[in-house]
Amino acid sequence: MTSTDVTTMFERIGGSATIDALVDRFYDRMDTLPEAQIIRAMHADDLGLIRNVLKRYLTEWTGGPRLYSVEKGHPRLRQRHIGFAIGDAERNAWMVCMRGALEETVVDTIARQDLDRALSGLADWMRNRQ
């Protein structure tokens, strides 16, 4: 297989348009679902800035253009989130929002399952409290 045969997750899910829709639906869900209140409280009233940060991060994380690290450097996600108590409840609330957003935006079932699995691992890794 040559490097031109490799398809990134970014390409598999539909590129920037899908990332944008995914993040928008994720934060819409966080802003409205009762089960997401625990993580919504960790965010500023205006979600506009964090939406853009997550869009840039997920674009790069899924294999798209380097939009996050050129501005912010290495993600250091755990370090950036250490001030927030993230346990099972917070992890699960984040995944409820993300899974709903994935269902709404990623058409390819296999790609959606693969991305869900990867995001679940990321959410697991972000826990910093029991």
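Select Phe26. Not counting residues up to four places away in sequence, Phe26 touches Leu54, Trp94, Cys97, Met98 and Ala101; contact here means heavy atoms within 4.5 Å.

Before going on, note the ground rules. This is a predicted model, where local features need pLDDT of at least 70, side-chain atom pairs count only at pLDDT 80 or more, and totals for chains, interfaces and linings use all residues. Residues are numbered from 1 along each chain as its sequence is written, and side-chain values use heavy atoms, with hydrogens and water left out.

**The core**

Buried means under 20% relative accessible area, exposed over 50%, and partly exposed in between (1.4 Å probe, protein chains only).

Helices (H or I, at least four residues) and strands (E, at least two) are DSSP runs, numbered from the N terminus.

**The aromatics**

The three form one aromatic cluster. Rings of Phe, Tyr and Trp (its six-membered ring) pair if their centres lie within 6.5 Å; planes under 30 degrees apart count as stacked, over 60 as edge-to-face and the rest as tilted.

The whole structure holds three aromatic pairs. One of them is Tyr57 with Trp61, stacked at 6.3 Å centre to centre with 20 degrees between the planes. Both residues sit in helix α4, four residues apart, about one turn of the helix. Tyr57 is buried, at 9% relative accessible area. Trp61 is partly exposed, at 31%.

**Thr105**

Jump to Thr105 in helix α7. Thr105 counts as buried because its relative accessibility is 13%. Show its contacts: beyond residues up to four places away in sequence, Thr105 touches Thr18, Ala21, Leu22 and Arg25. Draw a C-alpha distance to Ala21: 6.4 Å, across 84 residues of chain. Then find the backbone oxygen of Ala101, which the Thr105 side chain reaches at 2.7 Å.

**Zoom out**

Show the whole protein. There are eight helices and zero strands. Of the 130 residues, 42% are buried. Among contacts with a separation of 6 or more, 71% join residues 24 or more positions apart.

Key:
Polar contact = N/O pair within 3.5 Å; in protein donor to acceptor, adjacent residues only side chain to side chain.
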